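Take a look at the model below. We will walk through it step by step, from the overall fold to single pairs of residues.

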Amino acid sequence: MGWRLWLSAVVCMVAIASAFHVFLLDRVGVPDNGLRVTEVARDGGRDWVIRLYGSVGADAERRRWQAVGDNYRIDIERRGDEGFVLDIAYRPGSQGRHRVRQRVRLAEGPTLVAAFGQASDDGETRIILDRVK
């Protein structure tokens, strides 16, 4: 009977840890500008993942996201519930620069919005927008 008690305690701890991760850790460290840009290396290229916080759900009041970094310049504006106007410059001012200017409809979750190859050995670069709460 003792092993059942231990098993119940472990299952309870896993459930509590999962709830903590889902409801609290995802919101910790959300930047003031409402977006986070991460570069992820993958086989055959790299992905630029742009997370738009506050773009999903009943409390999605943010209408604009802007950020400037070493290799990017981003300006995203919401038009309606799922419509967005994108102005994304990747590597501005360099020889391998690209710019994405388009209107898109984005559902919740990650969406591939652009992909382009490089003349160098970097491989294909993809830009992925991820709408999160």
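In which helix is tryptophan 3 found? Tryptophan 3 is in helix H1, which covers residues 2-25. Before going on, note that this is a predicted model: local features need pLDDT of at least 70, side-chain atom pairs count only at pLDDT 80 or more, and totals for chains, interfaces and linings use all residues. Residues are numbered from 1 along each chain as its sequence is written, and side-chain values use heavy atoms, with hydrogens and water left out.

Start with the overall plan. Helices (H or I, at least four residues) and strands (E, at least two) are DSSP runs, numbered from the N terminus. Along the sequence the pattern reads α-β-β-β-β-β-β-β-β.

Now go back to the helix. Tryptophan 3 is exposed, with a relative accessible area of 57%. Exposed means over 50% relative accessible area, buried means under 20%, and partly exposed lies in between (1.4 Å probe, protein chains only). Trp3, Leu7 and Val11 make a nonpolar surface patch of about 350 Å². Such a patch takes residues with over 30% relative accessible area and no salt bridge, and joins nonpolar side chains (Val, Leu, Ile, Met, Phe, Trp, Tyr) within 5 Å.

Next, look inside. Buried residues make up 34% of the 133 residues. The largest nonpolar core has 22 residues. A nonpolar core is a set of buried Ala, Val, Leu, Ile, Met, Phe, Trp, Tyr and Cys residues joined through side-chain atoms within 4.5 Å. Leu35, Ile50, Ile74, Ile76, Phe84, Leu86 and Ile127 touch the most other members. Strands that give two or more residues to this core include E1 (35-42), E2 (45-52), E5 (83-90) and E8 (124-131). E5 gives the largest share, four residues. Beyond its neighbours within four places in sequence, isoleucine 50 is in contact (heavy atoms within 4.5 Å) with residues including Leu35, Ile74, Ile88 and Ile127.

How do E1 and E2 run, and how many bridges join them? They run antiparallel, with eight bridges between them. Two strands pair if DSSP finds at least two bridges between them. Alanine 41 has arginine 46 in E2 as its bridge partner. The hairpin of E1 and E2 has two residues between the strands, and glycine 44 there takes a positive phi near 90°.

Another glycine, glycine 83, sits in strand E5. Glycine 83 is buried, at 15% relative accessibility.

Finally, turn to charge. Side chains of opposite charge can pair when their charged atoms come close. The structure holds 10 salt bridges. A salt bridge is a side-chain nitrogen of Lys or Arg within 4 Å of a carboxyl oxygen of Asp or Glu. One of them joins arginine 126 and aspartate 47, with the closest N and O atoms 2.8 Å apart. Arginine 126 lies in E8 and aspartate 47 in E2, so the pair ties together parts that are 79 residues apart in sequence. Arginine 126 is partly exposed, at 25%, whereas aspartate 47 is buried, at 8%. Arg42, Asp47, Glu124 and Arg126 are linked in a network of salt bridges.

Key:
Patches are made of residues with over 30% relative accessible area and no salt bridge: like charges are joined within 9 Å, nonpolar side chains (Val, Leu, Ile, Met, Phe, Trp, Tyr) within 5 Å. Accessible areas come from the Shrake-Rupley method with a 1.4 Å probe; for residues, only the protein chains shown count as cover.
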